[in-house]
Amino acid sequence: MSDATGSVAVDGTRLFYRLEGSADLPLLMLSNSLGTDHSIWEIQANVLMRKFRVLRYDARGHGASKPGSENYGIERLGRDALGLLDALGIARAHFC
């Protein structure tokens with residue numbers, strides 16, 4: 001296991017993430033729904049780690065992630081997900 005928890009800078013804000021599971025498994029990125037944080041996936045993540053390395057994060061303005069200074073919508077949240085993958089050096093992931 002190579003677990004990591006922290007935050008990274010993505011386009012002017014800091015995004016909180018939790019990366020758990022074996023680095024040998026395919027990566028599954030779990031996004032929280034609006035108004036929640038990464039913890040909504042807690043039960044599922046524990047089961048999914050049998051088959052995947054799991055990356056959970058708090059979307060911009062949610063949980064421990066900062067909101068940034070611009071207005072944002074779905075497109076911005078999508079760019080944040082890609083920016084998080086880039087910041088962590090992850091080239092490929094499944095997304096949910």
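This is a predicted model: local features need pLDDT of at least 70, side-chain atom pairs count only at pLDDT 80 or more; totals for chains, interfaces and linings use all residues.

Colleague: Thanks! Which residue forms a salt bridge with D80?

Modeller: R76 does, with the closest N and O atoms 2.9 Å apart; a salt bridge here is a side-chain nitrogen of Lys or Arg within 4 Å of a carboxyl oxygen of Asp or Glu. R76 and D80 are four residues apart in helix α2, so about one helical turn separates them. Helices (H or I, at least four residues) and strands (E, at least two) are DSSP runs, numbered from the N terminus.

Colleague: And R76 itself, buried or exposed?

Modeller: R76 is buried, with a relative accessible area of 5%. R76 also meets the side chain of D11 in a salt bridge (2.6 Å, N to O). D11 sits in the loop between β1 and β2 while R76 is in helix α2, so this pair ties together parts that are 65 residues apart in sequence. D11 is exposed, at 51% relative accessible area.

Colleague: Which residues are linked in that network of salt bridges?

Modeller: D11, R60, R76 and D80. The count for the model comes to six salt bridges. One of the others joins E75 and R79 at 3.0 Å, N to O. E75 counts as exposed at 61% relative accessibility, and R79 as partly exposed at 34%.

Colleague: Switching topic: in what order do the strands run in the sheet?

Modeller: The order is β1-β2-β4-β3-β5, in an open sheet of five strands with mixed pairing. Two strands pair if DSSP finds at least two bridges between them. β1 (4–10) and β5 (94–95) are at the edges with a single partner strand each, so one side of each has no neighbour in the sheet.

Colleague: How many bridges are there between β1 and β2?

Modeller: Seven, in the antiparallel sense, with β2 covering residues 13–20. The bridge partner of V10 is T13 in β2.

Colleague: Where does α2 lie?

Modeller: Helix α2 (residues 74–87) lies across β1, β2, β3 (27–31), β4 (53–57) and β5, at about 115° to β1. The axes are lines fitted to C-alpha atoms, for helices over the stretch in contact (heavy atoms within 4.5 Å). Angles run from 0 to 180 degrees between N-to-C directions.

Colleague: Last one: how many residues are in the largest nonpolar core?

Modeller: It has 15 residues, and those with the most contacts inside it include Y17, L55 and L85. Such a core is a set of buried Ala, Val, Leu, Ile, Met, Phe, Trp, Tyr and Cys residues joined through side-chain atoms within 4.5 Å. α2 gives the most to this core, with four residues. A second, separate core of six residues includes L30, W41, A45 and V54.

Notes. Residues are numbered from 1 along each chain as its sequence is written. Side-chain values use heavy atoms; hydrogens and water are left out. Buried means under 20% relative accessible area, exposed over 50%, partly exposed in between (1.4 Å probe, protein chains only).
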